[in-house]
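Dear colleague,

I am passing on a structure for you to look through, and my notes on its cores and helix packing follow below.

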Amino acid sequence: MTLSSTTPRPLIAGNWKMNGLSAALDEARAVAAGLDGRPAGARVAIFPPATLLHRLAQAVEGSFVLTGGQDCHGEASGAHTGDTSAEMIADAGGTLVIVGHSERRTDHGETCQMVAGKAQAAIAAGLEPIICVGESLAQREAGEAVSFVINQLHNSLPLSLKGQAFNIAYEPLWAIGTGHVASVDNIVEMHAAIRAELISLFGEQGETIQILYGGSVKPENAREILAAPNVGGALVGGASLKAKDFLAIVEAA
Ligand code: PGA
């Protein structure tokens, strides 16, 4: 997917992680129904587990809800038991994919180089990637948060992304699933550093690439976070599992 010249709307992305059986499709239908007929101020996407992607994409077809995968392999096909290619995600109805989530980096030892390969594979399959970065608590306490994240970003972005539609998600590890949301000051500082790096890598395009914040985003804190400079959306885990909470976050954008 190539870059559109219009100013992007914020992206509110619901990452269901390893949650959701068939019954959860009702939550996706409720999100679609909640957006029905309203010109959404934000783009809205749900990232269900791979087993639900095709059915969920069908369930929300014709609505404002976009769908995507939580990860993809860096290669187009082959002997990679258990993995999903970007093309398979597109074939199942997805238009976006999350790559480099910290749970993938930690649980599956994914390196920045692998993440860059996944982002490239996503683009090749016509998907819009969300590339995730974020520091640990130890790195933040050591005063290394910004330098770590910028280095991680630099190494996770293939330069072939130039001219393509993609997003970054800043997700401090200590804020994911913990209820400890980063302070707005922390978010503003990090997003400004990411913006500067994107401009240095991609020139003018770097000014409009969406930088999502993720980590304990809830209906109660979404408005303040989404109003901060350089915050172009939210990557929402726990609060995306219930349509009511997720829609309240969309409403705040
Ligand atoms: P959380 O997860 O909203 O449950 O903290 C965010 C994420 O990991 O994408």
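Contact here means heavy atoms within 4.5 Å. The model is a predicted one, in which local features need pLDDT of at least 70 and side-chain atom pairs count only at pLDDT 80 or more, while totals for chains, interfaces and linings use all residues. Residues are numbered from 1 along each chain as its sequence is written, and side-chain values use heavy atoms, with hydrogens and water left out.

Not counting residues up to four places away in sequence, I168 touches I130, I131, V133, L153, L157, I194, L198, I209, Q210, I211 and L212. I168 and I194 have the most contacts inside the largest nonpolar core, which has 65 residues; such a core is a set of buried Ala, Val, Leu, Ile, Met, Phe, Trp, Tyr and Cys residues joined through side-chain atoms within 4.5 Å, buried being under 20% relative accessible area with a 1.4 Å probe, protein chains only. Apart from that core lies another, of eleven residues, including L11, A45, L212 and L235.

Turning to the helices (DSSP runs of H or I, at least four residues, numbered from the N terminus), α5 (residues 112-124) packs on α7 (residues 145-156) at about 50 degrees, with the axes 7 Å apart; axes are lines fitted to C-alpha atoms over the stretch in contact, and angles run from 0 to 180 degrees between N-to-C directions. In this contact C112, Q113, V115 and A116 of α5 meet Q152, N155 and S156 of α7.

Helices α1 (residues 25-35) and α10 (residues 243-252) pack at about 35 degrees, with their axes 9 Å apart, and E27, A30, V31, G34 and L35 in α1 meet A243, F246, L247 and V250 in α10.

Best regards

Conventions:
Buried < 20%, exposed > 50% of the residue type's maximum accessible area, 1.4 Å probe, protein only. Helix = DSSP H or I, 4+ residues; strand = E, 2+ residues; numbered from the N terminus.
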